Amino acid sequence: MAWLSVGMTSRLAAVFLASSLFLPIAAAAADLKIAILDVERVRRTASAVKAIHSQLGQQVDAYRAATQKEEQDIRSAQEELASKRTVLSPEAYAEERRKLEEQLVGAQGRVQERRQALERVNAEAMQQVQGVLESIVAEIASDQHLTLILRKDQVVFLSPDLEITDQVLQRLDRALPTVRVSDPGR
């Protein structure tokens with residue numbers, strides 16, 4: 001070793017150290033089995049998710065009809081009050097107007113409550129789907145000895161044979177073909 005210079009010895013030591021650090025990483029990478037899952041496609045196309053959207057659509061339609069009727073009733077009351085303006089005393093007119101404004105504020109509050117109720121039942125239903133989805137992904141990972149599953153929207157390039165989305169969708173549709181959305185009025 002006397003013939004090696006100090007600089008060369010340091011470089012050899014650095015190369016040896018670097019290679020010894022990367023060997024475990026390379027060995028782990030060789031054992032790495034990766035799959036890709038298109039979570040957004042699952043959330044768009046799963047039967048249970050479509051059932052949730054359908055049920056919520058029906059509830060939105062019912063709420064919209066009730067809101068439109070309430071709006072029409074308030075408009076009619078406003079028109080009636082406007083026609084009575086010359087007949088009522090200023091105090092009586094102000095009192096009627098105040099009552100009408102309270103009705104309007106109440107209607108706006110009900111619209112807000114309905115929106116929040118719809119959001120709540122949607123979140124509850126989607127949580128059921130998420131729970132089943134997670135267990136299916138864990139099953140597939142175990143069955144196929146996967147060590148890493150990445151979201152498709154986080155991947156720059158992938159080989160189509162790495163994608164497990166179709167398998168996940170098939171199992172999800174079998175396990176949970178529909179979800180009953182709870183009544184948002186409860």
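Predicted model: local features only at pLDDT ≥ 70, side-chain atom pairs only at ≥ 80, totals over all residues.
1. Overall count. Searching the whole structure gives 20 salt bridges. Side chains of opposite charge can pair when their charged atoms come close. Some of these pairs follow.

2. Arg75 and Glu71. Their side chains form a salt bridge, 3.8 Å from N to O. Both residues sit in helix α3, four residues apart, so about one helical turn separates them. Arg75 is partly exposed at 39% relative accessible area. Glu71 is also partly exposed, at 40%.

3. Lys84 and Glu80. Here the closest N and O atoms of the salt bridge are 3.1 Å apart. This pair also lies in helix α3, with a spacing of four residues, about one turn. Lys84 is partly exposed at 36% relative accessibility, and Glu80 is partly exposed at 44%.

4. Arg171 and Asp143. This salt bridge spans 3.4 Å, N to O. It links distant parts of the chain: Arg171 belongs to helix α5 (residues 165-175) and Asp143 to helix α4 (residues 90-143), 28 residues apart. Arg171 is partly exposed at 22%; Asp143 is partly exposed at 48%.

5. A network. Salt bridges link Glu40, Arg43, Arg151 and Asp153.

6. Nonpolar surface. Leu32, Leu148 and Leu150 make up a nonpolar surface patch, together about 210 Å² of accessible area. Leu150 is in strand β2 (residues 148-151) and is partly exposed at 32%.

7. Ser47. This residue is in helix α3 (residues 47-84) and is partly exposed, at 29% relative accessibility. Beyond residues up to four places away in sequence, Ser47 touches Asp173 and Pro177. The C-alpha atoms of Ser47 and Leu169 are 8.7 Å apart, although 122 residues separate the two in sequence.

Terms used
Residues numbered from 1 in each chain as written. Heavy atoms only, no water. Helix = DSSP H or I, 4+ residues; strand = E, 2+ residues; numbered from the N terminus. Buried < 20%, exposed > 50% of the residue type's maximum accessible area, 1.4 Å probe, protein only. Contact = heavy atoms within 4.5 Å. Patch = residues over 30% accessible without salt bridge, like charges linked within 9 Å, V, L, I, M, F, W, Y side chains within 5 Å. Areas by Shrake-Rupley, 256 points an atom, 1.4 Å probe, with all protein chains shown as cover. Salt bridge = Lys/Arg side-chain N within 4 Å of Asp/Glu carboxyl O.
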